[in-house]
Amino acid sequence: MAKKRVMVIGGGLAGLAATMKLAELGIQVDLMSLTPVKRSHSVCAQGGINSVSDLTRQEGDDESKHFDDTVYGGDFLQHQPPVKEMTSWGPKIIDLMDRLGVPFNRTAEGYLDRRRFGGTLYKRTAFAGATTGQQLLYALDEQVRRWEAAGLVTKYEYWDFLGPVQDEAGVCRGCVGQDLVTMEIRTFPADAVIVASGGSGLIFGRSTMSMVCTGSAVSRCFQRGAKYGNAEFVQVHPTAIPGADKLRLMSESARGEGGRVWVPRTPQDQRDPKSIPESERYYFLEERYPKYGNLVPRDIATREIFDICVNEGLSVEKDRQCVYLDLTHISRRELDRKLAGILEIYEKFQGVDPRDVPMKIFPAVHYVMGGLWVDYQRTTAGGLNIESPRTHVTNIPGLYAIGECDYQYHGANRLGANSLLSCIFSGLIVAPAVKSLLESQKGPEPSSLLYESARREHQSRHDALLGRRGGKENPYLIHQELGDVMTRAATVVRRNTQLAGALEKVNELSERAQNCSLSDTGNWTNQNVVFTKALLDMFPLAKSILMGALARDESRGAHFKPDFSMPDLKATDPAERRREAEKWCDWFQENTRQWLRSTIATWDGNNPVLSYEAVDTSLIPPRPRLYGLAGAQIIDEVWKQRSQAQAGAATGPALSGTAAAS
Amino acid sequence: MADHSVKSSNGHPQDFEVRILRQDGPGQGSYWESHRVAYEPDMNVISALQRIAAQARTVDGKGVAPVAWECNCLEEVCGACTMVINGRVRQSCSALIDRLLEDHPGEIVLEPMTKFPVLRDLVVERSRLFRALKRVKAWIPVDGYYELGRGDKQSQAEQEVAYPLSQCMSCGCCLEACPQYAKIEVSPLPGESSEALQQRRDAEFDRGFVGAHAISQAMLFNAHPTGRMNAAERLDALMDEGGLQICGNAQNCVAVCPKQIPLTASIARAGRATTLRMFQRWFDC
């Protein structure tokens, strides 16, 4: 039998973790990436990586609480066994990264230092200054370089993944790629392909994502039959620095280290912010969410900042929406030690020192919770069977997805510092799964005709694009329009009329994009044609986002539809308030029954088709997500009484109408 | 330039010119081309290049292929967008148009790096950078990725030395500025396979100067509790052909590093360590 080969698409944290682990298992890996892998988008992750630590454990924390925070923060929309497994791996993943040389910040005694992040009450987050993603990525990049030197890894950097190669039975037998320098299109036979291509923020025009985050690799799998889950769940980060080319992230760690969000109580108060007295400042997150304060989960912080600017008119500036994120009360020495990396970004791009002057920030598209649907096999204890070849496989046999481009871990909203964990975790666990697959593979190698016809198909698409004459459309301008439409209709607040309008507009743009003419028709480092292909492949995902959002008539995590949200409790009379709470819980139960399910999009050749999948909530029964809701206490009381009553009456998942073991 | 002095009411120019040194492919001649870009607030060189790509038209109205350039994160952490801007090597994402126009009103000049082969326009071939990291074994040689407990304790002081070195994003600024770092361009032979070309290229790279970035990475790993176990191998690599001895101590590297990495301190440390290593090798013989 020929030597087994695995192709990994993407060299961010997930792709590199998978590559190094596969190499350790003795498997030959080809690694394809649009950029040299050291320049992958993971370098932009700033704040840190979560796990339970020896210290938090003694404060009452344990893996089950990290699991619970992740599921509650994600509004219960993720299958629970993979999340349980991930959070239980947290401490050992941080130990591994420590051994690989990541320069994590240290305590005075020399242990790993931790900071607090949103959506939890424990200081779980390990960090390396404010460039944790960069440092984690470099450690993995170095390990992969070591395997490359040892001959087990071959890198294909500056290569664009054009699509999987599937045999007659639909099984993935490799992929097609294009050299971005010579424009050569060739096929790569592989016994398994692992897509680790990250997010798709460029669908929204400007976001906090890097320029390679077009979603094209995911879309190309989707258009070949891979299912796409929970497309409508897109995280808008509460704090970014607005810019002409990009919205630069201002890490949650700024708040984790004590940063306070506020606006002047007087709209557009022109005074120097430092001269505005405390009594005239509105620390709206601290006032509205006394328990979590500035560290409420991201979807909530984002909506509040949006609301303060858009609905209450309290934006700091008149022509531009923004609020203050203030660190000026913290000593320079402390800030330099823990946040230097991100403060330098602000200073460099805004020309103002945030150690002296409060930063001006506004929300921006940041992360996609949705992604390629992937499978898992649960153990009786509720964790994952890591050895199962089903772990992280898409519905196309032989095609796996890991990292931000899968839909597995974050449900309706991701908690800060959980993505570095999910990326490394999924990368590490996909390796034994793929090894099991390779060991079970039988039968002959596919014929060379299969590869040749796949290559020819992509070659003709490429040639047709280059040869197209007389089209009037400019791909860069269409991309701008797409970004504007998506940002307006499908980010912080969603309304059905706007979503329907946006869908119509995106359909129209998708048609127009077919008439793009290229200003570069050459076959050497042609960035114009590569961008145009990526743009064309944005439409299937953009449509899935809009259709998923339009169909989902509820609010859950990052998906907020005010027309379908339950209001706060208003009554002051205790009996009346109790009745309202009962009604609220009735509504919640009904909404759970109807909507606690994942949206699954499949491609019919022209449009996405939606269906729904039950969520495995068998480990933690769904409960109302009550951060800061008026009446939270009484609702919580009513809910607990009902749960107890139900638990007494029956065994099994309490009150989770759609819970189903997978 | 008179025609660029038109200013809008807020004191900003209405537009500005970007002059770019273009080249269609390796080994071909280069040529200058000018583009006019409408001024917007908060622009950087990247957003100007994005406008130029969308226009695909020179200042004379001639339709041209968009200028090719590299970028990714736009936050100065990925190292992709290095180029020579108004004569200085730097990242184009953090090159703000307002600042550039203050220093040099009306015009911005963009050139590709000169120490690496041009692939097209502002895109250069920098695989030699990563090859150098292999030469100095810039990694921690761990036993494996199974659960083996935590790493060694490290003091805050040690972390504060390691962290700045670990921020090196392989952008190549230090190499562009280095008088000792000479360009190596290996052209394909007729009928040569890409693997054979790569092998020939790597062999050439391995004879050339490793550069400040790789010396500094060797020092980073030699200071790590586990990395230190292979310190001698890294020092031997630095004492080989194209190693530390090529450094002429011009100190340009540290001056242009966008991350302010103390490269010259690393070079000095490497000098001391290799001297000790040389004595050790004599006694070992």
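# Close-up views of a two-chain model

**Figure 1. Chain A as a whole.** Of the 662 residues in chain A, 59% count as buried. The model is a predicted one. Chain A holds 17 helices and 21 strands. Its C-alpha trace spans about 75 × 60 × 55 Å along the principal axes. A compact globule of 662 residues would have a radius of gyration near 26 Å, and the 24 Å of chain A agrees with that. Among contacts in chain A with a separation of 6 or more, 74% link residues 24 or more positions apart.

**Figure 2. Confidence along chain A.** The mean pLDDT of chain A is 94. In this chain, 98% of the residues reach 70 or more. Residues 652–662 of chain A have a pLDDT below 50. Beyond near neighbours in sequence, that stretch has 35 contacts in the model.

**Figure 3. Chain B as a whole.** Chain B has 10 helices and 7 strands. Taken along the principal axes, its C-alpha atoms fill a box of roughly 70 × 55 × 40 Å. Of its 285 residues, 45% count as buried. Among contacts in chain B between residues at least 6 apart in sequence, 68% join residues at least 24 apart.

**Figure 4. Where chain A meets chain B.** The contact draws 57 residues from chain A and 55 residues from chain B. Several helices of chain A give two or more residues to this side, including helix H1 (13–24), helix H4 (80–99), helix H5 (132–149) and helix H15 (527–551). H5(A) supplies the largest share of the side of chain A that touches chain B, with 8 residues. By class, this side of chain A has 22 nonpolar, 18 polar and 17 charged residues.

**Figure 5. Helix H5 of chain A.** H5(A) gives 8 residues to the side of chain A that touches chain B. The helix has 18 residues. From first C-alpha to last, H5(A) reaches 26 Å, close to the 26 Å expected at 1.5 Å a residue. H5(A) is mostly covered, with 15 of its 18 residues buried. Just after the helix comes Gly151(A), with a positive phi of about 90°.

Figure 6. At Gly90(A) the helix bends by about 45°. A proline, Pro91(A), follows within four residues. H4(A) is mostly covered: 17 of its 20 residues are buried. Gly101(A) follows the helix, and its phi is positive, near 100°.

**Figure 7. Asp42 of chain B.** Asp42(B) sits in the loop between strand E2 (30–38) and helix H1 (45–55) of chain B. Its phi is positive, about 60°, although Asp42(B) is not a glycine. Asp42(B) counts as partly exposed because 16 other C-beta atoms lie within 10 Å.

**Figure 8. Gln260 of chain B.** Another loop of chain B, between helix H9 (252–256) and helix H10 (263–284), holds Gln260(B). Its phi is near 50°, a positive value in a residue other than glycine. Gln260(B) has 11 other C-beta atoms within 10 Å, so it counts as exposed.

Methods. Residues numbered from 1 in each chain as written. Chains lettered and ligands numbered in written order. Predicted model: local features only at pLDDT ≥ 70, side-chain atom pairs only at ≥ 80, totals over all residues. Contact = placed C-beta atoms within 7 Å. Nonpolar A, V, L, I, M, F, W, Y, C, P; charged D, E, K, R; others polar. Rg over C-alpha atoms; globule rule 2.2 N^0.38 Å. Buried ≥ 20, exposed ≤ 12 C-beta atoms within 10 Å, placed from the backbone. pLDDT = per-residue confidence, 0-100. Bend = angle between axes of the 7 residues up to and from the residue. Expected span 1.5 Å × (residues − 1).
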